[in-house]
Amino acid sequence: MEVRAVVLVLLGLLGCVRAIQTGVQANTNPSPCLKICAGSSAPGSWSRYNTDHAVRYTSLEFCGFVKTPYVTTTLHATSSHWTVAGATSIYNISKSGFRVYLKIDDKSYDLCQQRQCYLQFIAIGYIC
């Protein structure tokens, strides 16, 4: 497996960036096509998945990605969110969105609602 290094250089406001890529394959997208998109869910906006888990779908439609982006997430709450499992495990990712499943002490849904859990994300991907 060959490792490629990607260096992001900020060009301006609104998440416009240029990718300077080193490695075997050159970037096939024009340089202004890389976008950083960030967002946050509403506190307590989780759905019950089963008795032990809560789930949240996060849309990336407003980002305008043309390919599946790289995404990282963080979980915030009023208390004890350090006990949550799954907050950074992203499922079903596509250019349109992704899902995150949480487990908290066998009562995740109720605790997420009570503790006002919300998800923040940063996505980096191509828009052209």
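I began with Asp52, which is partly exposed in this predicted model, at 24% relative accessibility. What does Asp52 pair with? I found a salt bridge to Lys103, where the closest N and O atoms are 3.5 Å apart. Asp52 sits in the loop between strand E4 (47-50) and strand E5 (53-59) while Lys103 belongs to strand E8, so the pair ties together parts 51 residues apart in sequence. I checked Lys103 as well: with a relative accessible area of 30%, Lys103 is partly exposed. My tally of salt bridges came to one.

Next, the sheet. I traced an open sheet of four strands in the order E4-E5-E8-E7, and the pairing is antiparallel. E4 and strand E7 (90-91) are at the edges with a single partner strand each, so one side of each has no neighbour in the sheet. I then followed E5 and E8, which pair in the antiparallel sense over seven bridges. Thr58 stands opposite Phe98 of E8.

Which residues have the most contacts inside the largest nonpolar core? I noted Trp46, Leu60, Leu75, Phe98 and Leu102, in a core of 21 residues. At least two core residues come from each of strand E6 (70-76), strand E8 (97-103), helix H1 (108-114) and strand E9 (118-126).

Last, I looked up Leu60. Leaving aside residues up to four places away in sequence, Leu60 touches several others, including Pro69, Val71, Phe98, Phe121 and Ala123.

Notes. Residues are numbered from 1 along each chain as its sequence is written. This is a predicted model: local features need pLDDT of at least 70, side-chain atom pairs count only at pLDDT 80 or more; totals for chains, interfaces and linings use all residues. Side-chain values use heavy atoms; hydrogens and water are left out. A nonpolar core is a set of buried Ala, Val, Leu, Ile, Met, Phe, Trp, Tyr and Cys residues joined through side-chain atoms within 4.5 Å. Buried means under 20% relative accessible area, exposed over 50%, partly exposed in between (1.4 Å probe, protein chains only). Contact means heavy atoms within 4.5 Å. A salt bridge is a side-chain nitrogen of Lys or Arg within 4 Å of a carboxyl oxygen of Asp or Glu. Two strands pair if DSSP finds at least two bridges between them.
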